[in-house]
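This report describes the fold and a selection of residue-level features. The sequence and structure come first.

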Amino acid sequence: LEIYIPPEERERVRRAAEEAFARRSTYQLEHRIHRLDGSTGWALSRAIPVFDDAGSIAYWFGAASNITERKAAEAALRISEERYRGLVN
């Protein structure tokens with residue numbers, strides 16, 4: 001958390017994880033990350049609890065996907081739509 005998550009995102013990521021743990025349910029969150037090249041990117045983090053025979057959480061099975069390109073495409077689309085609306089208006 002301290003290495004890969006920017007400071008302004010840490011509390012939101014922590015709260016989402018704590019909520020999933022308390023609900024014993026799937027954790028899923030899109031959040032910014034520090035990339036290895038020093039730039040800021042986006043990740044979709046997901047984890048599901050795996051239960052033991054007693055019904056306790058034995059461990060979490062999860063993965064993070066790089067969604068930086070998707071977020072950039074969404075931002076470009078928003079800008080394009082705003083320009084189009086401006087022209088039409």
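**Basis of the assignment**

The structure is a predicted model.

Arg-24 has a positive phi, near 60°, although the residue is not a glycine. Its relative accessible area is 41%, so Arg-24 is partly exposed.

Three strands form an open sheet in the order 1-2-3, and the pairing is antiparallel. From one strand to the next the twist averages 30°. In general, the strands of a sheet pair through backbone hydrogen bonds, in either a parallel or an antiparallel sense.

Strand 1 and strand 2 are joined antiparallel by 8 bridges. Within this pairing, Glu-30 has Leu-44 of strand 2 as its bridge partner. The two strands form a hairpin with 5 residues between them, and Gly-38 in the turn has a positive phi of about 95°. Strand 2 (residues 40-51) is also antiparallel to strand 3, with 9 bridges between them. Ala-47 is placed opposite Gly-62 of strand 3.

**Helices against the sheet**

Helix 1 (residues 7-23) lies across strand 1 and strand 3, and runs at about 160° to strand 1. Helix 2 (residues 68-88) lies across strand 1, strand 2 and strand 3, and runs at about 125° to strand 2.

Arg-85 belongs to helix 2. With a relative accessible area of 46%, Arg-85 is partly exposed. Arg-85 and Ser-39 are 46 residues apart along the chain, and their C-alpha atoms are separated by 32 Å.

The largest nonpolar core has 8 residues: Ile-5, Val-13, Ala-20, Tyr-27, Leu-29, Ile-33, Ala-43 and Ala-47. Helix 1, strand 1 and strand 2 each contribute at least two residues to this core. Strand 1 gives the largest share, 3 residues. Leu-29, one of the core residues, touches Arg-12, Val-13, Ala-16, Ala-43, Leu-44 and Ser-45, leaving out residues up to four places away in sequence.

**Buried polar residues**

His-31, in strand 1, has a relative accessible area of 3%; buried means under 20%, so His-31 is buried. The side chains of His-31 and Ser-45 make a polar contact of 2.6 Å. Beyond its neighbours within four places in sequence, His-31 is in contact with Ile-5, Glu-9, Arg-12, Val-13, Gly-41, Trp-42, Ala-43 and Ser-45. Two of these, Val-13 and Ala-43, are also listed in the largest nonpolar core.

Glu-9 lies in helix 1. Is Glu-9 buried or exposed? Its relative accessibility is 5%, so Glu-9 counts as buried. A polar contact of 3.0 Å links the side chain of Glu-9 to that of Arg-12. With residues up to four places away in sequence set aside, Glu-9 touches His-31 and Arg-32.

**Aromatic pair**

How many aromatic pairs are there? The count is 1. In this pair the ring centres of Phe-21 and Trp-60 are 6.4 Å apart and the ring planes stand at 35°, so the pair is classed as tilted. Because Phe-21 lies in helix 1 and Trp-60 in strand 3, the pair ties together parts that are 39 residues apart in sequence.

The two partners fall in separate accessibility classes, as follows. Phe-21 counts as exposed, at 53% relative accessibility. Trp-60 is partly exposed, with a relative accessible area of 31%.

Methods. Residues are numbered from 1 along each chain as its sequence is written. This is a predicted model: local features need pLDDT of at least 70, side-chain atom pairs count only at pLDDT 80 or more; totals for chains, interfaces and linings use all residues. Side-chain values use heavy atoms; hydrogens and water are left out. Helices (H or I, at least four residues) and strands (E, at least two) are DSSP runs, numbered from the N terminus. Buried means under 20% relative accessible area, exposed over 50%, partly exposed in between (1.4 Å probe, protein chains only). A polar contact is a pair of N or O atoms within 3.5 Å; within protein, one must be able to donate a hydrogen and the other to accept it, and residues adjacent in sequence count only if both atoms are side-chain atoms. Contact means heavy atoms within 4.5 Å. Two strands pair if DSSP finds at least two bridges between them. Axes are lines fitted to C-alpha atoms, for helices over the stretch in contact, and angles run from 0 to 180 degrees between N-to-C directions. A nonpolar core is a set of buried Ala, Val, Leu, Ile, Met, Phe, Trp, Tyr and Cys residues joined through side-chain atoms within 4.5 Å. Rings of Phe, Tyr and Trp (its six-membered ring) pair if their centres lie within 6.5 Å; planes under 30 degrees apart count as stacked, over 60 as edge-to-face and the rest as tilted.
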